[in-house]
Structures are given as C-alpha cells and as structure tokens.
Amino acid sequence: KKLWTRMTRMMIQTTTTRTPTPRTTTPTAAARTATTCRRLRPPAPRFYYYRNTTTNQQKLIKGANASSSTSTTTTKTISSNLNAKKKSLSKATHVTENQLKEMSNLQAKCFFTPILGPNSPLDQLSMFLFQGDVDETLLEKFRYVKQDRFAPLAVMKKTNSENIMGGNKTKEGENDTGNIVGVAEVSVQRDVLIGRSIMKFKDLEEANSEYAYVSCMCVDEEYRKMGVATELLRESENVAKKWGFNLLCLHCYEDNIPGISLYKQLGYEELLTDMSLKSPLDIILRKRKVLMCKDLI
C-alpha cells in the first residue's frame, strides 16, 4: 500500500505541472484533506482512451461499409429494373387504326406546355383543346398510310401485347391498351427552303423535291434513356428506304442538347438554323429549330 502511494505521488509530480502561487493564508483542515485525496487518486490509464477511440473508428468503418454495401445493392436493384424494362419493350412497329387514340394521348402529354400549372382551369381547358386537335390531325394523316406517304410508328411493351397464356399468343392489336411508350411519324414532305438546304447536303433535281421527314417523336418519361428513340429512328430509316428515299430529315430545338447529341451519334448532320423555321408558338417561347439530315446510302 505504501509503495503504491509513493509511486502514485511520483507519477502525479512528473505528469502534472503546477504554477506556484503565493500562500497568503493558512489552509483549513478541510482544504488540506481535499488536496490530499486528490493527490492520492491514481491517474486514469491512458490506454483506456486509445482503446475506446479504436472501437469508435471500427464502428465508423463498419458503418461506412454497411452504407456502401446498401448503396451498391440499391444501384444493382435499379439497374436490374432498367434491364427488365428494356427487355419488356418490343421493336418499333406500325400503329394500327385502333391504336391512334393512345398514340395521340402520348403526343399530347409530351408536347403540351402548361402556362400556369397543371391544376389551373386555363391549362386544363388548353390541354383538352390541344388533345382534340392532335386527335383530329392524326386521323387526317392516317388516310395517307395506304399511299406510302405517312407511317405512324410506335414502341410497345411486350407484356400485354404478346402474352402467352396456355400456349396461345394474343394477336397484335388485341388488348394492347396502355402499351405504347414511344411514337414517331414518318411522312413525305416538300418545302422550298428546306429543299435548298438539302441541295447543298445532297444533290437534288429541284429545291421543291420531296424528302422523307420524321416528326412528332416522343417517349414516355418512364421509359426514356432506354433506346426507344434509337429504335424509332432505325425503323424510320427503314421506312424511308422502302419508299425510295436516300435522305431522312428532322427538326430539333436548338436548346435540346441531349436530342442533338443523339442524332449526331446516329449519323445526322446539322444543315440549317434559321428564324424562318419558327412557328408562332416558337416565337412566343423564343425557341429556334435546327434542321438535321442523314444520308441513308
């Protein structure tokens, strides 16, 4: 006991530094007792704090590993869901007359620009009128399908249009409501201004010569960045070749950077960016269109 007390006093004297203060008064008995008890108390072992620090660090490392594994699992789940969605999509096909309503609904949903908000009465009325105009215009264009001057294309989900129940496949066009996820229109057009621009890109007989044109292409927001637009353009090129055209043109807004980069990757080139390509709505919204063409030979 005495040896432990001496060692403790020596450790306290060597580890603590005290500034000497002049003693003006004689300390009382209680003060002397408190000072003695404080001196006799053994110092806390330092390795205890280091051990706790190491444990905390190990807990932090374990927590970081757990969070990283959780994020990795989440990423794998998202990628597997995307792959499942991609596999559930069919190749681009021609839209039947029974599917025109669904096609126009998707076009109206993607192309309508709200002014005040989706819940405002003005925008709801505008959406209703816009939907009716899209329906009517699409029905009018559909009359030229048999003349090989108009082709509505769509990418659909396989799950509902090609179900296998007891070994029987459902026919295309039956029970396929809600299957369309992307649409495009291929038509034969003639425009002098565009014809002059095309003449510089590819030899044409006259500026008012006809050319194949892709328009009104849109993809449902849930199925974007899954190759739907690429599939629609691939089928559009096949249709243009089938009609005897060696050139396919389209318009894209100048501020649509992802769209322009996609078209360039697929071989389209910019030909014209002009104010004359603006519609009244484009003038109001201050948008400018870019004419892009691809040589199919």
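Me: What makes the largest nonpolar core a core, and which residues have the most contacts inside it?
Reply: A nonpolar core is a set of buried Ala, Val, Leu, Ile, Met, Phe, Trp, Tyr and Cys residues joined through side-chain atoms within 4.5 Å. Buried means under 20% relative accessible area, exposed over 50%, partly exposed in between (1.4 Å probe, protein chains only). In this predicted model, the largest such set has 32 residues, and Leu-232 and Tyr-263 have the most contacts inside it. Local features need pLDDT of at least 70 and side-chain atom pairs 80 or more, while totals for chains, interfaces and linings use all residues. Residues are numbered from 1 along each chain as its sequence is written, and side-chain values use heavy atoms, without hydrogens and water.

Me: Which element supplies the largest share of this core?
Reply: That is α8, with six residues. Helices (H or I, at least four residues) and strands (E, at least two) are DSSP runs, numbered from the N terminus.

Me: Why is the pair of Tyr-211 and Tyr-213 called edge-to-face?
Reply: Rings of Phe, Tyr and Trp (its six-membered ring) pair if their centres lie within 6.5 Å; planes under 30 degrees apart count as stacked, over 60 as edge-to-face and the rest as tilted. Here the centres are 6.4 Å apart and the planes stand at 80°, so the pair is edge-to-face. Both tyrosines, Tyr-211 and Tyr-213, are buried.

Me: What makes the pair of Phe-112 and Phe-130 tilted?
Reply: Their planes make an angle of 40°, with 6.0 Å centre to centre. Phe-112 lies in the loop between α4 and α5 and Phe-130 in α5, so the pair ties together parts 18 residues apart in sequence.

Me: Why does Phe-130 count as partly exposed?
Reply: Its relative accessibility is 26%, so Phe-130 is partly exposed.
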